[in-house]
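Please open the model in your viewer and keep the selection tool at hand.

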Amino acid sequence: MTNLNTSSRTIKLAVFSSKNWVTTSFDTVNSTYNFEIAYFEARFDHKTALLAAGADAICVFVNDKVDAPALEILKEQGVKLVALRCAGFNNVDIEKAKTLGIGVVRVPAYSPYAVAEHTLGMILALNRKLHKAYTRVRDGNFALDGLLGFDIHNKTIGVIGTGKIGQIFCKLMHGFGTRILAFDKFPNQAMQDMGVEYVDLQTLYQQCDIISLHCPLTYETYHMINDYAIASMKPGVMIVNTSRGPLIDTNAVIEGLKKGKVGYLALDVYEEEEALFFEDLSEKVIQDDQFVRLETFPNVLITAHQAFFTKEAIQNISDTTFKNIKDYLETKGSENQVLPIEK
Ligand code: NAD
């Protein structure tokens, strides 16, 4: 039987999709743990999985692809653990990992405030056109034409998913004096006490001026914002996605924008972001025509999956990731282990 007790020897960790902010933060936390770390800038997938040879654990991020073929390779290399340095785990084949006896851990909450606050920032920027005003004023153009916004006060806000992030977002929007309609499979009493009304999705689509997505990506939520959903929405609706790209059918939202049905779109995540986000492609020709089309709309604001990116969140991600790895490898358990959903 394999001895998983690594307490007597140094834990070897292979970190994929590594960036400066990852190495800086991990190296600081590692002064307590003394893991042997190999940093790889490469994305993790079945083609790069061999780089993990000799590691006890790999550490991956949102756009790394930990699918069945990649997990098979990890198993052959003797890797025992996949440590996600993020909350979502839709990019990992959890069933396959379990079958192979490879553990999966994640960071369930590093700063829900970071994401909820970024969501609010995007709404304010898009509504009041702050991104345009900034460049205009720097160009010496002090005209206001084209910068007209609307009061958020008294508007109806739709929140899909009232988990950790959705709840904080509800509280922020409550402060603006809005009516909040929410949809979640598990309504939250504290939210209801604050005045949030849980409704079915159709009602939410029909009544809301701003709709913000805070539910996970699952088979159920994939492309939930599609032609039918958009058809039910108010003309000029603002849609905000800081959750996961594939919640929105990009073709459908482009059609909605062209028809003027969708009045504003704020994206921190994008369906095909793996090929784009987290890299400097400013000298390259972008090959994703849908993304380029999105960028042409004056009423679309896109950030590149940065909602989580605050000092506090990075510290929590690093602390929790190291603790998860040590706990799992030394005791074959972690409070943050991800297990397949019971069928
Ligand atoms: P959470 O697990 O605390 O909350 C998710 C909520 O969604 C839960 O209340 C759950 O009941 C609900 N839900 C599940 N299925 C649903 C469905 N079909 N319809 C409606 N609601 C449903 O998660 P969280 O920490 O609040 O994170 C929410 C999402 O934000 C994550 O899944 C992740 O994809 C995303 N996220 C994005 C960033 C970023 O940087 N942009 C950072 C962290 C998390």
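A cavity, as the word is used here, is a set of points on a 1 Å grid over the protein atoms alone where a 1.4 Å probe fits but cannot get out, and its lining residues have an atom within 4 Å of a point. Grid points are joined across faces, edges and corners, and a volume is the space filled by probe spheres set on the points.

Before selecting anything, note that this is a predicted model, in which local features need pLDDT of at least 70 and side-chain atom pairs count only at pLDDT 80 or more, while totals for chains, interfaces and linings use all residues. Residues are numbered from 1 along each chain as its sequence is written, and side-chain values use heavy atoms, with hydrogens and water left out.

**Cavities**

The count comes to two cavities of 30 Å³ or more. For the second largest cavity, with a volume of about 40 Å³, select Asn241, Gly245, Ile248, Thr250, Val253, Leu267, Val269, Tyr270 and Glu271, which line it. Then move to the largest cavity, which has a volume of about 90 Å³ and whose lining includes Ser17, Lys19, Trp21, Glu41 and Arg43.

**The ligand**

Next, select the ligand together with the 23 residues around it, of which Lys164, Ile165, Asp184, Thr242 and Asp268 come nearest; a residue belongs to this group if one of its heavy atoms lies within 4 Å of the ligand. Zoom in on the polar contacts, meaning pairs of N or O atoms within 3.5 Å. A backbone N or O atom of Ile165 lies 2.8 Å from an oxygen atom of the ligand, and a polar backbone atom of Thr242 is 2.9 Å from a ligand nitrogen atom. At Ser243, a backbone N or O atom lies 3.4 Å from an oxygen atom of the ligand. Of the 870 Å² of accessible area that the ligand has on its own, the protein covers 86%, with areas computed by the Shrake-Rupley method with a 1.4 Å probe.

**The cysteines**

Which cysteine sulfur is closest to that of Cys59? Select Cys86, whose sulfur is 8.6 Å from that of Cys59 and therefore too far for a bond, given that a disulfide is a pair of cysteine sulfur atoms within 2.5 Å. Cys170 can be inspected in the same way, and its closest cysteine sulfur, in Cys208, is 11 Å from its own, too far for a bond. The count comes to zero disulfides. Cys59 counts as buried at 0% relative accessibility, where buried means under 20% relative accessible area (1.4 Å probe, protein chains only).

Conventions
A polar contact is a pair of N or O atoms within 3.5 Å; within protein, one must be able to donate a hydrogen and the other to accept it, and residues adjacent in sequence count only if both atoms are side-chain atoms. On a 1 Å grid over the protein atoms alone, a cavity is a set of points where a 1.4 Å probe fits but cannot get out, and a pocket is an open set with protein on both sides within 12 Å along at least five of seven lines; lining residues have an atom within 4 Å of a point. Buried means under 20% relative accessible area, exposed over 50%, partly exposed in between (1.4 Å probe, protein chains only).
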